[in-house]
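Thank you all for making the time this morning. I would like to take you through one structure, and I will give the criteria behind each term as we come to it.

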Amino acid sequence: MFVYIRTTRAASPAPDAEDNGRDVPRRAATAARTSVQTLWASRPLSLGRLGRLVAVRLQGDDLKVGCATADGLRWVRPERVISESQAHAWVRTSRFTRQP
């Protein structure tokens, strides 16, 4: 069971009575590694048959792009669907926000 101490700025793991705080640093490090940031594009980038790129997601050091297809949204590595020059053009023509 995870117990957290909530403050106005964050929630951080608190020691349980069971573990006497032994695993708190490990749990805090795990939580920091798995934080996810998703930015949604104001103008999707069309990829033809592959769909449209609609978002960018960073989870730790792992960058993925959201590709909207007829089957739904798929998160894929950018190098699989877009070139570096296409990425630069997308950034120049679109604004990215936290809300879709």
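Predicted model: local features only at pLDDT ≥ 70, side-chain atom pairs only at ≥ 80, totals over all residues.

Residues are numbered from 1 along each chain as its sequence is written, and side-chain values use heavy atoms, with hydrogens and water left out.

The protein chain has 3 helices and 7 strands, where helices (H or I, at least four residues) and strands (E, at least two) are DSSP runs numbered from the N terminus. Read from the N terminus on, the order of these elements is β-β-α-β-β-β-β-α-α-β. Of the 100 residues in the protein chain, 24% count as buried; the term means under 20% relative accessible area, with exposed being over 50% and partly exposed in between, for a 1.4 Å probe and protein chains only. The accessible surface of the protein chain comes to about 7,700 Å², and 52% of that belongs to carbon and sulfur atoms; these areas come from the Shrake-Rupley method with a 1.4 Å probe, and for residues only the protein chains shown count as cover. If we take the contacts between residues at least 6 apart in sequence, 33% of them join residues at least 24 apart, a contact being heavy atoms within 4.5 Å.

Let me turn to the rings. How many aromatic pairs does a search of the whole structure find? The search gives 2 aromatic pairs, where rings of Phe, Tyr and Trp (its six-membered ring) pair if their centres lie within 6.5 Å, and planes under 30 degrees apart count as stacked, over 60 as edge-to-face and the rest as tilted. Trp40 and Trp75 have ring centres 6.3 Å apart and planes at 70°, so this pair is edge-to-face. Because Trp40 lies in strand β3 (residues 36-46) and Trp75 in strand β6 (residues 72-76), the pair ties together parts that are 35 residues apart in sequence. Trp75 itself is partly exposed, at a relative accessible area of 23%. Trp90 and Phe96 also form an edge-to-face pair, with 5.1 Å from centre to centre and 75° between the planes. Within that pair Trp90 is buried at 4% relative accessible area, whereas Phe96 counts as partly exposed at 25%.

Trp90, for its part, is in helix α3. Leaving aside neighbours within four places in sequence, Trp90 is in contact with a list of residues including Ala41, Leu53, Val65 and Ile82. The C-alpha atoms of Trp90 and Ser46 are 9.8 Å apart in space, although these residues are 44 apart in sequence.

What, then, lines the largest pocket? There are 13 lining residues, of which Val56, Leu63, Val65, Pro78 and Ala87 lie nearest its centre. The elements giving two or more residues to this lining are β5 (62-69), α2 (78-81) and α3 (84-93), and the largest share, 4 residues, comes from α3.

I will close with two strand residues. Thr38 lies in strand β3 and is buried, with a relative accessible area of 16%. Not counting residues up to four places away in sequence, Thr38 touches Ala55, Val56, Arg57, Trp75, Thr97 and Arg98. Arg52, in turn, is placed in strand β4 (residues 52-59) and counts as partly exposed at 43% relative accessibility. Beyond its neighbours within four places in sequence, Arg52 is in contact with Pro44, Leu45, Ser46, Leu47, Gly66, Cys67 and Ala68.

Key:
1 Å grid on protein atoms, 1.4 Å probe; cavity = no way out; pocket = protein on both sides within 12 Å on 5 of 7 lines; lining within 4 Å.
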